[in-house]
Amino acid sequence: MQRRAMLKGCAAAVAVPLFAAGCDVLDGSAQAVDELAFDPGAFTMETKTVATFERDRKVTYRFYESVVYVAKPVDKAYQSLNISVPTEIDGAAVDASKAPILLSNSVGGYLSSSVTNRPPDDGGDRARNRDLALTAGYVVVEPGVRGRDLVAPDGTYFGVAPAAIVDLKAAVRYLRHNTGRVPGDTDRIVATGVSAGGALTALLAVSGDSRMYDRYLAELGAADASDAVFAAAPYCPVTDLEHADMAYEWNWGANPLRSGELDAAASRELSSAFTDYQASLGLQGRNGFGPLTSGNYGDYLVRTYLEPAATAYLTALPDADRSSYLAANTWITWAGDRAEFTWPGFLAHVGARQKGVPAFDAFDLSSPENNEFGLGTVKARHFTPFSLRRATGDPGAQLDSDLPEKISLMNPMFFLQQRNSTRAKHWWIRVGTKDTDASLTIVGNLAASLENLGDAVDAAMYWDAGHGSNEDPADFIAWIGKVTGYAG
């Protein structure tokens, strides 16, 4: 109705394309209305000062707020996006019409994320990457998405799997549908997110244009456009959920819980199951390491990620501080300006684990992931046969019939095994070495899968850092410019 109310003004704007003007009648003939046409003029001018590693920088930008990205939203508060387009940096004019687009989601814990009335500086390290992207002259898009916490008046959980990834795909389709109208290069979208947001980032990037999501996107009235992205930067992705309990116990099973007792028998059974799962992936390690197995994965993580992370950390310390750190951590050998240690030594250094057994598919259905796989008015469900059978006492219990497909729709490893050709080919992957929210093999397997397919992967770990860490944001922003070929 709002578009029809604009009809009187259309005659004076005949030079404007019909879909952009919102007209539905021209020269007496009926024309289709593009409900998803972006309005380039619907912005406010904003200014912020961003602290960079060099100096404070003043950025003036166009701010497009709460733009609904589907024609039939379930809830506009979550199915809208914000767009920030820099126009001046330190007083110098900027043309961002062909700049890369940083698509930065703020999802955590598979919860909902809204851009409506959101505080401007929320998100911590997430906000830092967004602000630095603006100072580099990039366009920043922040999509809201539905999450597992959303409940309709009738008690229906309307943000459970696969709602979040469907919404992210719809947001990308909106941007691509508006190529030439929305600022930025829609062929150079770089997705990023942290934790569950990192998992969704990886999933979005590997599942580009998969037809498996079509019916969900059609229900929302998503644009008929590509949802492939150019590059992805998942931070500490909590993903591969149906195998995450196995991986967690293989990695952290020997580490004590911060409080309470662990189910040692369940831990051993899950850790043992990881052996078969890891073998099924058939992955080759980096730098000629050979097949990645449960038997050698600890050595692989030490050699490929952990020792380089420790070496970089210790090298950057002043001599006195380095000596003090090494004196307090005698399990590390400092040989020829290089840190060396064993996998058991590293595990002991990390100490207490964050999660119990099972870490993700909790026997009592209390985990966020149980909620993520809810259905209708059922808040939480088991999504692994192991936990379902243990919880019910029925050794023959089977998952609900809708779950196998939904589990695949939420797992980037599924699409990597399918060798999806429209996946992103450029990757920036980061996790802290003391992040016990998930197994370090989650990042290891994601990176190895991409590398085995020939993709360009910059994967690294932050020494002694916890969940959600972001210790090289300036390098990340420079990486975007490099892989997209954007010089500014």
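How many residues does helix H8 have, and how far does H8 reach from its first C-alpha to its last? The views below, all taken from a predicted model, start with that helix and then move on to its surroundings.

**View 1. Helix H8, end to end.** Helix H8 spans residues 264–281, which gives it 18 residues. From first C-alpha to last, H8 reaches 26 Å, close to the 26 Å expected at 1.5 Å a residue.

View 2. Buried in H8 are Ala-266, Ser-267, Leu-270, Ser-271, Phe-274, Tyr-277, Gln-278 and Leu-281. Looking down the axis of H8, these buried residues fall within an arc of 130°, so they line one face of the helix. On the face of H8 turned away from the buried side, look for the exposed residues Arg-268, Asp-276 and Ala-279.

**View 3. The packing partners of H8.** Which helices do the buried residues of H8 pack against? The partners are helix H7 (241–252), helix H9 (297–316), helix H13 (385–392), helix H15 (412–417) and helix H16 (440–452). Seen from the side of H13, the buried residues are Phe-386, Ser-387 and Leu-388, and their cover includes H7 and H8. Just after H13, Gly-393 has a positive phi of about 75°.

**View 4. The second largest cavity.** Searching the whole structure turns up two cavities of 30 Å³ or more. Shown here is the second largest cavity, which holds about 50 Å³ of space. Its lining is made up of Cys-236, Pro-237, Val-431, Asp-435, Ala-438, Ser-439, Leu-440, Ile-442 and Val-443. Helix H16 gives the most to this lining, with three residues. Sorted by class, the lining of the second largest cavity has seven nonpolar residues, one polar and one charged.

View 5. Is Asp-455 buried or exposed? Asp-455 sits in the loop between H16 and strand S16 (456–462). Its relative accessibility is 9%, so Asp-455 counts as buried. Setting aside neighbours within four places in sequence, Asp-455 is in contact with Arg-423, Ala-424, Lys-425, Trp-427 and Leu-450.

**View 6. Two cis peptide bonds.** Most residues other than glycine have a negative phi, and most peptide bonds are trans. The bond from Ala-161 to Pro-162, however, is cis, with omega near 5°. You will find Pro-162 in the loop between strand S8 (139–143) and helix H4 (163–177). Val-357 and Pro-358 are also joined by a cis peptide bond, with omega about -10°. Pro-358 belongs to the loop between helix H11 (343–350) and helix H12 (368–372).

View 7. Where is Ser-195 found? Ser-195 is in the loop between strand S9 (189–194) and helix H5 (196–206). Although Ser-195 is not a glycine, its phi is positive, near 65°. With 11% relative accessibility, Ser-195 counts as buried. Asp-240 lies in the loop between strand S10 (231–235) and H7. Asp-240, too, is a residue other than glycine with a positive phi, near 55°. Its relative accessible area is 4%, so Asp-240 is buried.

**View 8. Leu-200 in helix H5.** Leu-200 lies in helix H5, and its 1% relative accessibility makes it a buried residue. Which residues is Leu-200 in contact with, once neighbours within four places in sequence are left aside? They are Val-107, Tyr-110, Ala-164, Ile-165, Leu-168 and Met-410. The C-alpha atoms of Leu-200 and Thr-239 are separated by 8.1 Å, while the two residues are 39 residues apart along the chain.

View 9. Ala-136 is in the loop between helix H3 (125–135) and S8. At 31% relative accessibility, Ala-136 counts as partly exposed. Beyond its neighbours within four places in sequence, Ala-136 is in contact with Ile-89 and Ile-477. Ala-136 and Thr-60 lie 76 residues apart in sequence, and 12 Å apart from C-alpha to C-alpha.

How values were computed: Residues are numbered from 1 along each chain as its sequence is written. This is a predicted model: local features need pLDDT of at least 70, side-chain atom pairs count only at pLDDT 80 or more; totals for chains, interfaces and linings use all residues. Side-chain values use heavy atoms; hydrogens and water are left out. Helices (H or I, at least four residues) and strands (E, at least two) are DSSP runs, numbered from the N terminus. The expected span of a helix is 1.5 Å times one less than its number of residues. Buried means under 20% relative accessible area, exposed over 50%, partly exposed in between (1.4 Å probe, protein chains only). The arc is that of the directions from the helix axis to the C-beta atoms. Contact means heavy atoms within 4.5 Å. On a 1 Å grid over the protein atoms alone, a cavity is a set of points where a 1.4 Å probe fits but cannot get out, and a pocket is an open set with protein on both sides within 12 Å along at least five of seven lines; lining residues have an atom within 4 Å of a point. Grid points are joined across faces, edges and corners, and a volume is the space filled by probe spheres set on the points. Ala, Val, Leu, Ile, Met, Phe, Trp, Tyr, Cys and Pro count as nonpolar, Asp, Glu, Lys and Arg as charged, and the others, Gly among them, as polar.
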